[in-house]
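The sequence and structure come first, then the main points by topic.

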Amino acid sequence: MEARGKRTSPASRRLFPVVGKGESQGGSRISVAQFNILASNLGLPNHFPYVQLDHLNWGTRYHTIINEIKELKVLSVGNDKPELVDILAMVELSNYWESFKDDLEAEGYNSVFLKRPSITASSWSGVNKYDGCGIFFQRFGNQTKIYLT
């Protein structure tokens, strides 16, 4: 368990390289990170009684997530300078339009957001679902195509 006010540094996390068929033949390589961020309206004390209240606070969690993304760097092939990951996928993403879109655009990411198809109350939390999935991506060359299915 982490000490109060401290968190695990992304640099101390293990990143696993995946070598695809194309890379072994001189193709390009991309990096992907995925986060389940727990939508802002779902971090309720009655569902997480073991978590300190200030850690459930959306403002605190939001800044922790953004800082984590900024610190999560990878080495590209042939480049000694760590760079932001190419693609970030976030599930249970709320506050896309209010915060994430602009803040991650400032870091060089384009993005798309797909809202969860229903707004009915969750059987787990009893809270309406207003979250969705966001994909944030660095520009690849002069064209980037994202397909959502």
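Helices (H or I, at least four residues) and strands (E, at least two) are DSSP runs, numbered from the N terminus. The model is predicted: local features need pLDDT of at least 70, side-chain atom pairs count only at pLDDT 80 or more, and totals for chains, interfaces and linings use all residues. Residues are numbered from 1 along each chain as its sequence is written, and side-chain values use heavy atoms, with hydrogens and water left out.

**Overall packing**

- Of the 149 residues in the protein chain, 33% are buried; buried means under 20% relative accessible area, exposed over 50%, and partly exposed in between (1.4 Å probe, protein chains only).
- The protein chain exposes about 10100 Å², with carbon and sulfur atoms supplying 54% of it; the areas come from the Shrake-Rupley method with a 1.4 Å probe, and for residues only the protein chains shown count as cover.
- Counting contacts (heavy atoms within 4.5 Å) between residues at least 6 apart in sequence, 61% join residues at least 24 apart.

**Around Ser111**

- Ser111 belongs to strand β5, residues 110-115.
- Its side chain makes a polar contact with the side chain of Tyr96 at 2.6 Å. A polar contact is a pair of N or O atoms within 3.5 Å; within protein, one must be able to donate a hydrogen and the other to accept it, and residues adjacent in sequence count only if both atoms are side-chain atoms.
- Setting aside neighbours within four places in sequence, Ser111 is in contact with Tyr96, Lys101, Ile135, Phe136 and Phe137.

**Salt bridges**

- The whole structure holds three salt bridges, each a side-chain nitrogen of Lys or Arg within 4 Å of a carboxyl oxygen of Asp or Glu.
- Glu107 and Lys70 form one of them (3.8 Å, N to O). This pair links distant parts of the chain, 37 residues apart: Glu107 is in the loop between α4 (96-105) and β5, and Lys70 is in helix α3 (residues 58-71).
- Glu107 is partly exposed at 30% relative accessible area, and Lys70 is partly exposed at 35%.
- Glu105 and Lys101 pair at 3.3 Å, N to O; they are four residues apart in helix α4, separated by about one helical turn.
- Asp131 and Arg116 meet at 2.8 Å, N to O. Both lie in the loop between β5 and β6 (132-137), so the pair ties together parts 15 residues apart in sequence.
- Asp131 is buried at 2% relative accessible area, whereas Arg116 is partly exposed at 28%.
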